[in-house]
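Hello,

Here is the structure for you to look over. My notes follow below it.

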Amino acid sequence: MTKTSTCFQTIILALLLFGCDGAQDATTTAADTVDNAIDLIVLGDTIVTMDQDRRVIEHGAVAVDKGVILAVASAEEIQAQYTANETLDGKDRVVMPGLVNGHSHAAMTLLRGVADDLALMDWLQNYIFPAEVEFVDSEFVRIGTELACWEMLRGGTTTFVDMYYFPDSIAEVVDQCGMRAMISATVIGQRSPDAEGAADSIARGIGFIDRWQGRNPRITPIFGPHSDYTLDAEQLIATRKAAMEHDVPVSIHLSESPYELQYSKDTYGMTSIEMLESIGFFDGPTIAAHVVWPTEDEIPTLVRRKIGVIHNPTSNMKIASGIAPVAEMLDAGVRVGLGTDGAASNNDLDMWEEMRLASFLQKVDRMDPEVLPAMTVLEMATIGGAEAIGLDHRIGSLEVGKQADIIQLAFDDVHHVPTYDVISHLVYVTDEQDVASVVVAGKVLVRDGQFLTIDTTRVRREANALAAKIRSALAERNRAGDGAPTASAIPCVAGAASCRDTLLSYRAGDGAPTE
C-alpha cells in the first residue's frame, strides 16, 4: 500500500468517526428535546400555589403533561427546561388552583328564582319538592347541569360535589364538559323524580355507582342521603351500608336549620349529629353540608370522625338558617370547605362571593375583624375544600404530581389597580368575571373567556325553551286552580306570587310531599 493510500484511508476513517460522533450527539439532543416536550405551560405574573408553604411565585409558570403538574417554578426556569404544545400567556394574569365547590344541586339552575324569600322548610316542602316532582326528568337534569357547568367554569370552579336526581345524566354532562365532580345518587324517603322511595333510591344508586366507578378519573360516584328529616334511621343505616360495600363516601345535609334540630329532638330525642353518630353513620367518609348548628360538644365529634363540613354562607343567609360557627370549627381542627348550594337558594354559583361572605359573616358574628382572614378563606375554597371532600391528595394546590386543575385570573380590571396583596385581592375583590382561562386535568376548558367544551349558544336556547314550558305549566295551573289571569298577564318571574300560589297547589297533587 502506498503512502498516499494510507493517508487517504486515515482521513476517511477520521471523517467516519467524526461523523458517527456527530450523529450520536445530534440523536441525543433530539431525544432530550422530545423528552422535554410537554402538553401545556401556564404562565402568570403571579402564581399562588396553595402548597404546604403557601408559596407565591412572581413571574412564574406551571408545567403540565398528561394531566399532571410536572413543575411549578419561575417562568424562566420552566421555559428553559420545557417546550409545550400549548402555552397560556401570563401577562396581567394570576394563576392558582381551581376552586372546589363542596355542595351543589347543579340542575336547580333551572329553578332559579321560582320561589324566594322563604324559610327553608316552607321553601322545600311547599315549592321546591312539588316543583321537582312536576318538572324534573333526565332532560331537565341534563340541561340544568350543563347550565351550571357553564356558570361554574366561568367562575373558576373546577370541582364540585353534586346532589340531585338522575345522576347518570349529571355524570354524562361532566364527562363531556371536562369538569371534575363527586356526583351523589340522591336518597330520599318519599317519591322523587327518579325513584319511588328510599329503598328504590338506594337500589338505583347502586346501579349508578356500578356504572361509573372507575369509568372516568374525573368522576366519583357517591351516595347522597338527603337528611335525617327526609329519611328515618333505618333508611340512613341502609344508605351507609351500601356506601361502605361500594367503598364510596356520602354527602348529606346536616344540622342545617332550627327546624331540623327540633325535628331530630322530637323524633329521636337527640340532635341530628348525635343521632347519626349513635347509628354509626359516620363510620365511613362523610361530606356534611351546612352544619350551622353544632353544639360545643359535637364539634369534637366532627374532628374525630374526620367529617368534611361544607359552609354555604349565601344560602344560609338567604333562607335565614343561621350563621355557622366556622371559626370555632376551624380552631378545633374540623375540615371546612365552601359551597354554593343550589342556584334556587343562592341564587348563583359564584364561589368568590362565598369566600367574601364567609369571611364577613364570621367577623360580624364574632365582632372581631381578625377572624377568618383572607388566606384562611382562600384555603377553604381550594386545598381546605379538597381535604373536606377527600381529594386533597389529587387537587387543591399547585404541586408536582397533582392533577392540573388550574385557573388564570385577569388582573387588568380597574378593581385590581393597584394590587398590594394578591391574596387580599383574590378574596375581597375578585369576582367570576375576572376568570380568564380554566384547565382541568391538563385540558384547557376555557381559554381567554372562550368556552371550548360547552356549546353555550345551544345551552342558553335549551334552558330558555324549558323555562318557557315551566312558566306555561305554572300559568295553566293558575288558570285551572283559582281563576288567575292568563300567562301573558301574570309572568312567572323570581318571587312572583303567581309562581308561589301555583307551586303551593301542587301539594294536593300526585306524589307531592306534605308537611
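Predicted model: local features only at pLDDT ≥ 70, side-chain atom pairs only at ≥ 80, totals over all residues.

**What is in the model**

The protein has 18 helices and 17 strands. Residues are numbered from 1 along each chain as its sequence is written, and side-chain values use heavy atoms, with hydrogens and water left out.

**Confidence and overall fold**

Mean pLDDT (the predictor's confidence in each residue, from 0 to 100) is 88. A value of 70 or more is reached by 86% of the residues. Residues 1-34 have pLDDT below 50, with three contacts beyond near neighbours in sequence. Residues 482-515 are also below 50, with 65 such contacts in the model. A contact means heavy atoms within 4.5 Å.

Of the 515 residues, 56% count as buried. Buried means under 20% relative accessible area, exposed over 50%, and partly exposed in between (1.4 Å probe, protein chains only). Among contacts with a separation of 6 or more, 72% join residues 24 or more positions apart.

Helix α3 covers residues 120-135 and has a kink of about 35° at Ile 128, shortly before Pro 130. The bend is the angle between axes fitted to the seven residues ending at a position and the seven starting there. Because 14 of its 16 residues are buried, α3 is largely enclosed by the rest of the structure.

Cavities and pockets were found on a 1 Å grid over the protein atoms alone. In a cavity a 1.4 Å probe fits but cannot get out; a pocket is an open set with protein on both sides within 12 Å along at least five of seven lines. Lining residues have an atom within 4 Å of a point. Points are joined across faces, edges and corners, and a volume is the space filled by probe spheres set on them.

**Second largest pocket**

This pocket holds about 320 Å³ of space. It is lined by 25 residues, and Met 182, Thr 220, Pro 249, Ile 389 and Gly 390 lie nearest its centre. β9 gives the largest share, three residues.

**Backbone details**

Most residues other than glycine have a negative phi, and most peptide bonds are trans. Asp 247 has a positive phi of about 55° and is exposed, at 68% relative accessible area. Leu 372 has a positive phi near 50°, but is buried at 5%. The bond from Asn 346 to Asn 347 is cis, with omega near 15°. The bond from Val 417 to Pro 418 is cis too, with omega near -10°.

Best wishes

How values were computed. Helix = DSSP H or I, 4+ residues; strand = E, 2+ residues; numbered from the N terminus.
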